[in-house]
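Please take the sequence and the model together, and follow the paragraphs below from one part to the next.

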Amino acid sequence: MLSLLGGVFLGWSLGANDASNIIGTAVSSKMMRFWPAALLASFFVIVGAVISGQAGIETLKGLTTLSVHQAVITSIAAAVTVTIMTVMALPVSTSQSVVGAILGMGILNNQLNFSGLGKVVLCWVGTPVGAAIIAVLLYRIMGFFYNRIPMTLFNSDHILRLGLILSASYGAYALGANNVANVTGVFVGAGMISVLTAAIIGGISIAFGILTFSRPVMETVGKKIVTLEPFSALVVSLALAMTIHLYTLVGVPVSSSQAVIGGVMGIGIVKGVNTVDISVLKRIFLAWIFTPVVACSVALLISYASRLRYIPL
Amino acid sequence: MFSFLFKKDTRVEELIYSYLDTFRQILENFDKALACCIARPRCEEFDFLMERTHKYESMADDILDKVNNLMFGKALIPDFRSDIMNLLISLDKIPNHLERTLFMIRYQRLEIPGEFVNDVEDIIRISLESCELLAQQVELFLKDKSGRRSLMSTIDRNESHCDHIERRIIAGIFESGELEPFFKLQFKELIVNIGDITDQADRVSKLINILTLKRRV
């Protein structure tokens with residue numbers, strides 16, 4: 001079971017990082033206190049992982065056949081990649097780093113499922129685009145009703161806050177369901193654990209990341225999102241949750257960071273303002289290319305290094 | 001249904017309505033005090049009414065402090081929080097103008113010369129009417145009810161009207177050969193201060209319009 005620690009570590013870092021996308025808006029804008037938000041998010045992450053996490057796990061499992069040794073290397077390579085990309089200040093996608101590492105192992109095994117891989121890559125491009133489209137539609141539809149339903153200033157405040165709490169819970173559920181595959185999917189592929197055990201261990205490790213280390217990340221990332229006014233923040237939060245949930249139904253793990261950026265871009269399209277500038281788009285594009293490439297390279301390096309033997313002269 | 005989740009917000013709402021009641025008390029006492037000053041300068045009733053105006057102005061300040069404390073205690077969404085505080089701070093400048101006007105009359109021992117009484121009565125009547133309309137506009141804003149724009153237009157018209165009267169009084173002060181030069185300056189300052197009441201009411205009224213537009217998505 002010690003070999004599972006790599007996955008648990010990856011889950012912890014995923015929880016710490018991605019919680020800012022899910023509840024960062026509500027917490028850093030002081031609409032919710034950290035602890036209730038973190039507990040709520042942790043609970044729904046585990047629920048999402050256990051109830052709907054299987055489809056993503058099956059997809060990752062199907063990309064290639066890994067041995068236990070390779071599964072451990074994959075999760076370590078993904079975790080190292082996330083760290084490298086964080087140091088480079090590029091938006092990190094755990095999904096891309098895991099898939100990149102699996103690719104590396106697949107190359108070594110000379111066994112790759114190209115149709116599954118094509119589906120995953122297509123969904124990476126579709127994540128921000130889909131989130132932007134959903135955000136535009138949600139803004140138009142919800143805005144139509146928001147402007148027409150008479151409500152006092154205070155009722156409007158209450159509706160927005162409740163909406164944020166609900167969308168954050170939904171987002172956490174979707175995150176657990178979608179991203180649990182990144183954390184423990186490779187171990188299922190290696191035949192180490194069952195899908196249900198993977199979902200439980202993955203969900204708990206993501207929740208542990210949220211509870212222990214998400215606050216500083218949230219304080220940094222959340223403030224950037226909060227420059228949106230409350231209604232737009234709610235739309236972005238809901239668009240993020242719906243996008244990730246849609247990909248969960250398809251069975252492809254995607255990046256919540258990219259979904260948030262897509263949502264914000266959608267708001268920018270509706271409002272006709274530059275909420276995301278070109279440099280940010282360039283960074284996302286670079287991350288799309290770099291993350292899987294770096295993860296694949298790191299996985300290959302670790303794999304070669306693990307085979308080195310000391311031969312005395 | 002979820003009111004138990006928003007106890008602080010409900011308290012803020014109650015306090016804002018309580019502030020508006022106090023605001024109206026200030027207007028009423030100010031009106032009576034000035035009527036008294038015109039009819040019987042330096043009488044005890046004026047002093048009493050000035051004290052009452054001051055008392056209500058202090059009460060209004062206390063209410064604002066409570067609202068502020070609740071807001072810092074994380075009531076409402078930050079966006080709404082800052083909107084409401086901006087609105088209340090701007091509105092609260094009006095009681096300060098009213099109180100200052102009474103203090104000037106009392107401590108500078110000012111009496112309104114007979115030739116200016118009608119104009120001063122007019123400017124005060126229109127100013128107080130604007131303030132009452134403004135209080136109604138704030139209520140409509142909080143309740144998200146229609147009619148805010150027509151109130152804003154009336155307040156805007158009143159402000160222009162008051163500006164005309166203010167300029168006419170000031171011109172009259174400096175054309176008058178009977179008034180002492182020092183009194184002229186003091187009286188001019190009093191009229192400018194009274195003129196500021198509708199100016200501020202107009203500013204707050206337009207702020208409400210901006211906040212209304214800002215809330216639309």
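In chain B, B:Lys206 and B:Asp202 both belong to helix 7 (residues 181-215), where they stand 4 residues apart, about one turn of the helix; helices (H or I, at least four residues) are DSSP runs, numbered from the N terminus. Their side chains meet in a salt bridge of 2.9 Å, N to O, a term that stands for a side-chain nitrogen of Lys or Arg within 4 Å of a carboxyl oxygen of Asp or Glu. B:Lys206 counts as partly exposed because its relative accessibility is 34%, whereas B:Asp202 counts as buried because its relative accessibility is 8%; buried means under 20% relative accessible area, exposed over 50%, and partly exposed in between, with a 1.4 Å probe and protein chains only.

This is a predicted model, in which local features need pLDDT of at least 70 and side-chain atom pairs count only at pLDDT 80 or more, while totals for chains, interfaces and linings use all residues. Residues are numbered from 1 along each chain as its sequence is written, chains are lettered from A and ligands numbered from 1 in the order in which they are written, and side-chain values use heavy atoms, with hydrogens and water left out.

Over all chains, the count comes to 15 salt bridges. One of them joins the side chains of B:Glu28 and B:Lys32 at 3.3 Å, N to O, and these two residues are separated by about one helical turn because they are 4 residues apart in helix 1 (residues 7-39) of chain B. B:Glu28 is partly exposed, with a relative accessible area of 41%, and B:Lys32 also counts as partly exposed, at 44%. In chain A, the side chains of A:Arg161 and A:Asp157 meet in a salt bridge of 3.0 Å, N to O, and both residues are buried.

Leaving aside neighbours within four places in sequence, B:Asp92 is in contact, that is, with heavy atoms within 4.5 Å, with B:Tyr19, B:Ala60, B:Asp61 and B:Leu64.

The nonpolar residues come next. The largest nonpolar core has 119 residues, and those with the most contacts inside it include B:Val12, B:Phe46, B:Leu91 and B:Phe187; such a core is a set of buried Ala, Val, Leu, Ile, Met, Phe, Trp, Tyr and Cys residues joined through side-chain atoms within 4.5 Å. Apart from it lies another core, of 45 residues, among them A:Leu60, A:Ala198, A:Ala295 and A:Val298. B:Phe187 touches B:Ile112, B:Pro113, B:Phe116, B:Val120, B:Ile169 and B:Ile173, not counting residues up to four places away in sequence.

Finally, A:Pro230 has its place in helix 9 (residues 230-250) of chain A and counts as buried, at 7% relative accessibility. Not counting residues up to four places away in sequence, A:Pro230 touches A:Leu160 as well as B:Ile77 and B:Asp79.
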